[in-house]
Amino acid sequence: MEAQSERVTGEKKGVRFAMGTGEHEPIRELDSSARLQDDELAQIVHDLKNPLASIAIEAELLDSRIARGDRRETAKSIDRITQNVMFLDRLIYDLMDACTLANGEFNLRRSRFDLRQMIEAVVDRIVPWPDRHRVFADVDENVYVVGDELRIERVIGNLLDNALKYSPSTSAIVVSLQRDIRMARVTVTDGGPGMTPGELAFIFEPYRRASTSAGRSGSGLGLYVSKRIIEAHGGRIEVESAPGKGSQFSFLIPAV
């Protein structure tokens, strides 16, 4: 009597085994969420490695530039190192907030502060010297709010950093501040490539990035975390954009 081969399938934790032929054939069934987690981790590792590599290169160049007494190139190296350190700082805090949000709401440390002074400080600290000529702070009025100063500062930093990354070096970027009755409105306007309606639909979702982000650093967490921070302050974040017409991101939080 001829023996018949029988295949019995057993499934456990996403791994299926085929048995009955004397061979074990593991077939990995990674669901979409597992693949997404792998992609997210790979992107985060990539975004951490790039600025670290840049810092290492600039630090090596800095030594020789100081030895030559080249003050101009030395200043450029220091500026690039500073920009990369600040990028890493924002990325790490965005990751920390994303983890906190996944486990529940984060706690806000509230204090009273002036948004005008904050915007001027963020522009001065974040914008590299080669881009200073095209970034304008339209902040004529002092507007006070009560909120988590460090987190609101990161929101402004994220919006400004995106504008710098996605807009041409010849286009202007405007950071404006207005008081709308009981609300403070901060707006960042750029002359970048803009986004399609389809991209706008998921722009505030975690780990989602627009098609124009290819080749640019970023974790896909900045806008997601920024939206949650603003909502935790009783405010809202808005975006207006169209292909070829740039983007305008605004957030509103209660003023005092």
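**Figure 1. Overview of the protein chain.** Six helices and ten strands make up the secondary structure of the protein chain, which is shown here as a predicted model. Of the 256 residues in the protein chain, 40% are buried. When contacts between residues at least 6 apart in sequence are considered, 67% of them join residues that are at least 24 apart.

**Figure 2. Close-up of the aromatic pair formed by F204 and F249.** One aromatic pair is found when the whole structure is searched. F204 belongs to the loop between α5 (197-200) and α6 (222-232), whereas F249 belongs to strand β10 (residues 247-254), so the pair ties together parts of the chain that are 45 residues apart in sequence. F204 counts as buried because its relative accessibility, 16%, is under the 20% cut-off, and F249 is likewise buried, with a relative accessible area of 8%.

**Figure 3. Close-up of R185 and its surroundings.** R185 is part of strand β8, which covers residues 183-190. The side chain of R185 is joined to the side chain of D180 by a polar contact of 3.0 Å. Leaving aside residues up to four places away in sequence, R185 touches S176, L177, Q178 and D180, together with R236, E238, S250, F251 and L252.

**Figure 4. Close-up of the second largest pocket.** The volume of the second largest pocket is about 450 Å³. Its lining is made up of 18 residues, and those lying nearest the centre of the pocket are D89, Y93, L150, R151 and R154. Three helices, α2 (71-103), α3 (115-126) and α4 (149-166), are the elements that give two or more residues to the lining of this pocket.

Notes:
Residues are numbered from 1 along each chain as its sequence is written. This is a predicted model: local features need pLDDT of at least 70, side-chain atom pairs count only at pLDDT 80 or more; totals for chains, interfaces and linings use all residues. Side-chain values use heavy atoms; hydrogens and water are left out. Rings of Phe, Tyr and Trp (its six-membered ring) pair if their centres lie within 6.5 Å; planes under 30 degrees apart count as stacked, over 60 as edge-to-face and the rest as tilted. Helices (H or I, at least four residues) and strands (E, at least two) are DSSP runs, numbered from the N terminus. Buried means under 20% relative accessible area, exposed over 50%, partly exposed in between (1.4 Å probe, protein chains only). A polar contact is a pair of N or O atoms within 3.5 Å; within protein, one must be able to donate a hydrogen and the other to accept it, and residues adjacent in sequence count only if both atoms are side-chain atoms. Contact means heavy atoms within 4.5 Å. On a 1 Å grid over the protein atoms alone, a cavity is a set of points where a 1.4 Å probe fits but cannot get out, and a pocket is an open set with protein on both sides within 12 Å along at least five of seven lines; lining residues have an atom within 4 Å of a point. Grid points are joined across faces, edges and corners, and a volume is the space filled by probe spheres set on the points.
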